[in-house]
Amino acid sequence: MDSAMETQDGTQQSQQLVLAHNVFLLKHPDVSDIEKVRLSDEVLNSVQSNDMTSYYETLVTDKVLELDQSLLESMRAKNEEEIKKLDEKIADAEENLGESEVREAHLAKSLYYIRIGEKEKALEQLKVTESKTVAVGQKMDLVFYTLQIGLFYMDFDLISKSIDKAKNLFEGGGDWERKNRLKVYEGLYCMSTRNFKKAANLFLDSISTFTTYELFPYDTFIFYTVLTSIISLDRVSLKQKVVDAPEILTVIGKIPHLSEFLNSLYDCQYKSFFLAFSGLTEQIKLDRYLHPHFRFYMREVRTVVYSQFLESYKSVTIEAMAKAFGVTVEFIDMELSRFIAAGKLHCKIDKVAGVLETNRPDAKNALYQATIKQGDFLLNRIQKLSRVIDL
């Protein structure tokens, strides 16, 4: 039996995750009504072809799809019939066959529950299958199924526990291919929970070994890698790991605005950067994993680009900065005052002279002060200790 969670040729995205993304778009206010009609048909076809009875009921409750009672009853009957067959196979395997056949029969039932969108039953059945599993690699595959269930339902608690479980399994062995796959899963989890720095490092580690096509195509993976790297890496690392990375260079041109977004930031072409950035906002907004962090990401990117511009100057006129970014003086004034108040930018605005004065914290001075402070603390501790020893 083909599972909807499995990919047919190893380079195809999981049908379940495609369905989850389509449902997300159907609920999104920025998607046009014409597009929603097409998406609605796709969602219904996917639900129907996989007999997803309980998930169909959820979508009807959420007013994503309309109720078709005969379809619901037909899917329910198919579910009952298939589960009965699977239970018979399990009983037959337990009576007449070996341990590996018993495991395979239980796994088939787990995959069927995943396919029809029965979350709790699938997780329960995966636990039963795990109890029949000895090999670390096979146990890891069960964890990957659990991770895909977590991503389908955006259950971050389940994803986090599954990642920890996978890491514990790897301590007892495990192959590199599965370890590399886990990095992408963990990177996606970190990105979805706003830990962009860790996500960027995990994605960059996986660029040359990417095989997790069940999550997303390679183009999407590069899109996430560039987006997370831009707000996480310094200029030197960005150049070395992203701007000049051959794996990224081969794909980046296929993704609208992404090449301009990355290169104009590195080349300090701020006007081009803002144009490319505005082109990318739609893609970020309509991405299931990035959408909740849309406003946060927009702020972080602007902090990076404003900091980079101001780093070159002791003082600069607001007019010159507005011209460099291709925006009005009022816009820059309003933007910077917000970022300065939030402690994101180290500069002050002289409104009368129309000048920005940078007051970057001196790293060496800060280190010197910290060393003095720690030295005083250490001396106090030594004095207290010496009194105890004297006694």
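Guide: Start with handedness: a crossing is left-handed if the near helix is turned anticlockwise from the far one by less than a right angle, and right-handed if clockwise. Here H1 passes H7 in a left-handed crossing. Helices are DSSP runs (H or I, at least four residues), numbered from the N terminus. This is a predicted model: local features need pLDDT of at least 70, side-chain atom pairs count only at pLDDT 80 or more, and totals for chains, interfaces and linings use all residues. Residues are numbered from 1 along each chain, and side-chain values use heavy atoms, without hydrogens and water.

Visitor: At what angle do H1 and H7 pack?

Guide: Two packed helices are described by the angle between their axes and the distance between the axes. Axes are lines fitted to C-alpha atoms over the stretch in contact, and angles run from 0 to 180 degrees between N-to-C directions. For H1 (residues 15-27) and H7, the angle is about 10°, with the axes 9 Å apart. H1 is therefore roughly parallel to H7 (angles under 35 degrees).

Visitor: Which residues of H1 and H7 meet?

Guide: Contact means heavy atoms within 4.5 Å. Gln16, Leu17, Leu19 and Ala20 of H1 meet Gln148, Leu151 and Phe152 of H7. That contact has five nonpolar, two polar and no charged residues. Ala, Val, Leu, Ile, Met, Phe, Trp, Tyr, Cys and Pro count as nonpolar, Asp, Glu, Lys and Arg as charged, and the others, Gly among them, as polar.

Technical notes
Helices (H or I, at least four residues) and strands (E, at least two) are DSSP runs, numbered from the N terminus. Angles under 35 degrees count as roughly parallel, over 145 as roughly antiparallel, 65 to 115 as roughly perpendicular and the rest as oblique.
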